[in-house]
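Please look at the sequence and structure below before reading on.

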Amino acid sequence: MSTVTQLFRSPAANVWEVIEDGWLYSGWVVGASRIRAVDDQWPQVGSKLHHSVGSWPFLIDDSSRVTAVEPGRKLEILAKGWPLGEARILITLEDLGGSQCRVSIAEDAVRGPGKLIPKALRDPVIAVRNRETLKRLELMAAGGAGKKS
């Protein structure tokens, strides 16, 4: 799996608030264009985000499903975007105390055409995308996105 890690200047609890609000997903996940629906149980195991990927007018509607979760610490999802394929994504948060945490995203293709691309070519592309994803997530957490009023 391609893994990217970044030190955030926000507590893990603030980052988790962004992650657990499925409606914010397209604001920080590179490639997600819009969210069409979020299961009421998000981010519990088995719950789904119904999203679109791509750019208008070439949008693909699909969904991502939670396969494992440790609230505040870990979220694993199976992201789908057929006909491109499916990817397993693991997001982990490590609280460092105070106003810092370490966030990692590990991702790899598991089915479909993306899996056919050699890992040596696939990993650097995924890493570039996920570095930007982490930058966006940090900005949203620092700005208070996902805060419950």
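Strands β6 and β7 form a hairpin with five residues between them, and Gly97 in the turn has a positive phi of about 85 degrees. Most residues other than glycine have a negative phi, and most peptide bonds are trans. The model is predicted, so local features need pLDDT of at least 70 and side-chain atom pairs count only at pLDDT 80 or more, while totals for chains, interfaces and linings use all residues. Residues are numbered from 1 along each chain as its sequence is written, and side-chain values use heavy atoms, with hydrogens and water left out.

Helices (H or I, at least four residues) and strands (E, at least two) are DSSP runs numbered from the N terminus. Two strands pair if DSSP finds at least two bridges between them.

Seven strands make up an open sheet with antiparallel pairing, in the order β1-β7-β6-β5-β4-β3-β2. β1 (2-8) and β2 (32-38) stand at the edges with a single partner strand each, so one side of each has no neighbour in the sheet. On average, neighbouring strands of this sheet are turned by 25 degrees against each other, direction ignored; axes are lines fitted to C-alpha atoms, for helices over the stretch in contact, and angles run from 0 to 180 degrees between N-to-C directions.

| Strands | Bridges | Residues facing each other |
|---|---|---|
| β1 and β7 | seven bridges | Leu7 and Arg102 |
| β6 and β7 | ten bridges | Ala87 and Ala109 |
| β3 and β4 | eight bridges | His51 and Asp62 |

Eight of the eleven residues of β7 are buried, so β7 is largely enclosed by the rest of the structure. Buried means under 20% relative accessible area, exposed over 50%, and partly exposed in between (1.4 Å probe, protein chains only).

Seven of the nine residues of α1 are buried, among them Trp16 and Glu17.

Two peptide bonds are cis. One joins Trp42 and Pro43, with omega about 5 degrees, and Pro43 lies in the loop between β2 and β3. The other runs from Trp56 to Pro57, with omega near 5 degrees; Pro57 is in the loop between β3 and β4.
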